Amino acid sequence: MATNDSSTLPAGWIRYAHFGLAVIDQFDRELSITEVTTHVFNVNADNWGFPSFLPLTELRNPERGYLVNDACLVEAYVFTDRSIGFISHELIVKTDSDKLKTKESDCVKAAMDNQRTTSTKAVEITNPSPTPPYCQIMPTEEDMNTFFTSLESKLWSFNTIFSREEAKEALAKVEKALNMTPVNFYDSGKLSPLKHAFKILASFDCSSTTLTMEQKKELLAMEESLKELADRAAKALQDKNFLTEKESIKLTITHKLDRNVIRYKEVESEVKQVEKKLAALHVQVEEAQKERENMLAERKEIFKSSKEMKMELEALEKQWAEYEAMAKVAEEEESIVLAEWGRIKDFISSIKGKI
């Protein structure tokens with residue numbers, strides 16, 4: 001759903017719509033993809049429809065009936081009356097199902113025939129298939145509005161004579177509209193019938209109720225005044241709703257900020273606790289590093305002393321035979337000394353009694 005140029009819409013323009021869109025499954029209508037919603041459109045809206053509807057891969061899936069012979073059937077259901085809200089998936093897939101299937105197949109066939117006619121210019125088509133009336137392009141809303149606006153202007157140029165009953169009925173319509181609020185009147189879409197009612201009242205002429213020229217001018221001006229007042233009321237409501245929407249956003253942001261402040265303080269406290277743990281771990285790391293350095297120094301010292309002792313051991317092993325020979329000679333010398341020592345001792349003992 002889109003507008004040709006939203007910048008051309010008057011300030012305060014809003015429209016209520018209850019609408020449904022459907023991509024028809026031409027094999028089984030009840031498997032059609034549908035989206036149904038209600039929305040109030042305004043001139044500042046940046047969303048005029050559904051952001052996503054049907055994946056392209058699903059649309060092109062030959063096992064589904066969304067694209068048959070290069071023809072895709074799309075249906076739209078729109079109501080602008082707030083009292084009407086019965087569009088649903090069930091309504092769309094059940095509405096004139098058999099009749100629609102027949103019409104859809106005829107439209108597909110006509111489109112295929114026209115396509116073959118266009119693409120095969122060299123072949124003379126003597127009996128082209130006529131396009132069914134319901135497959136022809138429908139007039140746009142803009143075309144219809146232009147037509148009836150022109151028709152209305154032409155009818156106004158006629159000096160139509162209205163009866164008293166028509167005047168009473170027109171007056172009742174005006175009173176009924178005035179009993180509505182300006183916004184409800186704006187949403188009701190009853191401005192066009194009311195315009196005709198004002199025309200009847202301004203044109204009605206009876207000897208007992210003849211209106212002055214000033215009263216007739218005022219009646220004709222009232223129609224524009226009501227339209228302007230309804231537009232202003234709708235714009236005011238839109239502005240109020242805009243403020244309400246912004247207040248809701250503001251409240252949501254405020255709540256989030258409050259939660260963020262609380263969480264920030266919690267995180268700040270948790271960070272301090274972690275920093276204390278890191279400081280304690282840092283002391284442990286420094287102590288462990290010192291202990292490691294001491295162990296490394298002791299290991300180097302052990303290595304150094306062990307290397308020196310190994311060298312000393314190797315030197316001893318080289319002179320070991322010499323040391324063994326010296327020890328043997330020393331043992332023999334010790335035996336000789338002890339024997340001589342014993343002989344001297346015995347001699348002294350033998351002369352002890354003679355002295």
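Colleague: Let's start with a salt bridge. How far apart are the closest N and O atoms of Arg-232 and Glu-228?

Modeller: Keep in mind that this is a predicted model. A salt bridge needs a side-chain nitrogen of Lys or Arg within 4 Å of a carboxyl oxygen of Asp or Glu. Arg-232 and Glu-228 form such a pair, with their closest N and O atoms 4.0 Å apart.

Colleague: And where do Arg-232 and Glu-228 sit in helix H8?

Modeller: Helix H8 covers residues 213–318, and the two are four residues apart in that helix, so about one helical turn separates them. Arg-232 counts as exposed, at 53% relative accessibility, while Glu-228 counts as partly exposed, at 45%.

Colleague: Which residue forms a salt bridge with Arg-343?

Modeller: That would be Glu-340, and here the closest N and O atoms are 2.5 Å apart. Both residues belong to helix H9 (residues 320–352), where they lie three residues apart, about one turn of the helix. Arg-343 is partly exposed at 49% relative accessibility, and Glu-340 is partly exposed at 36%.

Colleague: How many salt bridges are there by this rule?

Modeller: The count comes to seven. Among them is the one between Glu-58 and Arg-64, with the closest N and O atoms 2.6 Å apart. Glu-58 is partly exposed, with a relative accessible area of 23%, and Arg-64 is partly exposed with 23% too. Salt bridges can also link up: Arg-263, Glu-266 and Glu-270 are joined in a network.

Colleague: Now the strands, please. What holds a sheet together?

Modeller: In general, the strands of a sheet pair through backbone hydrogen bonds, and the pairing can be parallel or antiparallel. In this model, three strands make an open sheet in the order S2-S1-S3, with antiparallel pairing. S2 and strand S3 (74–79) are the edge strands, each pairing on one side only. On average, neighbouring strands are turned by 20° against each other, ignoring direction.

Colleague: How many bridges join S1 to S2, and how many join S1 to S3?

Modeller: There are 10 bridges between S1 and S2, and six between S1 and S3. You can follow some of the partners yourself: His-18 is bridged to Thr-38 in S2, Phe-19 has Val-78 in S3 as its bridge partner, and Gly-20 stands opposite Tyr-77 in S3.

Colleague: Is S1 mostly covered or mostly open?

Modeller: Mostly covered, as eight of its 10 residues are buried. For the protein chain, buried residues make up 17% of the 355 residues.

Colleague: Let's zoom in on one residue. Where is Ser-32 found?

Modeller: Ser-32 is in the loop between strand S1 (14–23) and strand S2 (33–42). Buried means under 20% relative accessible area. Ser-32 has 4%, so it is buried.

Colleague: What does the side chain of Ser-32 reach?

Modeller: It reaches the backbone oxygen of Arg-29 at 2.5 Å. A polar atom of the Ser-32 side chain also lies 3.0 Å from the backbone nitrogen of Asp-25. Setting aside neighbours within four places in sequence, Ser-32 is in contact with residues including Val-23, Tyr-66, His-89 and Val-93.

Colleague: To finish, how many helices and strands does the protein chain have?

Modeller: The protein chain has nine helices and three strands. Along the sequence, they follow the pattern β-β-α-β-α-α-α-α-α-α-α-α. Among contacts with a separation of 6 or more, 70% come from residues 24 or more positions apart.

Methods. Residues are numbered from 1 along each chain as its sequence is written. This is a predicted model: local features need pLDDT of at least 70, side-chain atom pairs count only at pLDDT 80 or more; totals for chains, interfaces and linings use all residues. Side-chain values use heavy atoms; hydrogens and water are left out. Buried means under 20% relative accessible area, exposed over 50%, partly exposed in between (1.4 Å probe, protein chains only). A polar contact is a pair of N or O atoms within 3.5 Å; within protein, one must be able to donate a hydrogen and the other to accept it, and residues adjacent in sequence count only if both atoms are side-chain atoms. Contact means heavy atoms within 4.5 Å. Two strands pair if DSSP finds at least two bridges between them. Axes are lines fitted to C-alpha atoms, for helices over the stretch in contact, and angles run from 0 to 180 degrees between N-to-C directions.
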